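Have the viewer open as you read.

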Amino acid sequence: MKVPRIIHQIWSGVTEPLPDNFRRLGETWKRDYPDWQYEFWDNERMNQFIKEYYPQYWYIYCKYKHNIQRWDAIRYLILHKIGGMYVDFDYESIKPMDELLKNKTCCFALEQDFISNHFSIFNNALMLSTPGHPFMERVVKYVFSRTLLAAPTCIAKNMEVFNTTGPFALIRLYDSLTDHEKEDVYLIPAKYVSPFTGHEAEEYRYGVRNPHLEECLKDAYAVHYFFSNWAHEQQ
């Protein structure tokens, strides 16, 4: 295992305390990775971290329009500096991924939605990296670019976030890599870490059980439930 055995989870606590359902999902990662160090990051700890290790980015970090852009950006810094696995609180661990991730140095979770032979969606809800990984460094430089702040913003909040600090930004950066560079970035197949589409995840959350959904879980190491709480926040 080249990636440090550290699990990072973020909940700022700025708008509300960590909900009980997210706390329970967080416990599944502690259960399945008992020999991994677990790190919880609240707003105070995130602020202290960036001031201490990345003071050059503090201004841009504060200037982001939406809180979720800060929470996106800080997770890249944490993995760039410390390494390990970052996982959102709307993710459930089913079983440990140690064998799946063996010898990998940088990983992202593919999604079921919109996957074709020519276009794959992956996100920043589940990521792993060694400290200082070249791709993570490229991501950090992009999301903390001053030109990014000056760019025209999209009307829709979700599209603005996706294109500045979220999945669409990651995908563009990945697509800019050479074939050789892409070999060092592992896109984890969706059947292992994101077996449901967004619609299927919603059905499962509301108690729907059928053979199709059960089949989706057959090979799963983890499940992303796509709560997307940030999309409904005012900031």
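Charges come first: the protein carries 26 positive and 31 negative side chains, and the centres of the two sets sit 5 Å apart. Here Lys and Arg count as positive and Asp and Glu as negative, with His and the chain ends not counted; each charge is placed at NZ of Lys, CZ of Arg, CG of Asp or CD of Glu.

Before going further, a word on the ground rules. This is a predicted model, where local features need pLDDT of at least 70, side-chain atom pairs count only at pLDDT 80 or more, and totals for chains, interfaces and linings use all residues. Residues are numbered from 1 along each chain as its sequence is written, and side-chain values use heavy atoms, leaving out hydrogens and water.

Now the fold. You'll find 12 helices and 8 strands in the protein (DSSP runs numbered from the N terminus: H or I of at least four residues for helices, E of at least two for strands). The radius of gyration is 17 Å, close to the 18 Å that the globule rule gives for 235 residues, so the protein is as compact as a globular protein of that length. That radius is taken over C-alpha atoms, and the rule is 2.2 Å times the number of residues to the power 0.38. Among contacts (heavy atoms within 4.5 Å) between residues at least 6 apart in sequence, 79% join residues at least 24 apart.

How much of the protein is buried? Of its 235 residues, 51% count as buried, meaning under 20% relative accessible area, with exposed over 50% and partly exposed in between (1.4 Å probe, protein chains only).

D72 counts as buried because its relative accessibility is 4%. Leaving aside residues up to four places away in sequence, D72 touches N124, V161, T165 and G166.

On to the cysteines: a search of the whole structure turns up 0 disulfides (pairs of cysteine sulfur atoms within 2.5 Å). For C107, the nearest cysteine sulfur is that of C106, 6.6 Å away. C107 is buried, at 0% relative accessibility, while C62 is partly exposed at 39%.

Finally, some backbone angles. Most residues other than glycine have a negative phi. N103, in the loop between β4 (91-93) and β5 (106-110), has a positive phi near 70° and is partly exposed at 49% relative accessibility. F226, in the segment after β8 (222-224), has a positive phi near 55° and is buried, with a relative accessible area of 17%.
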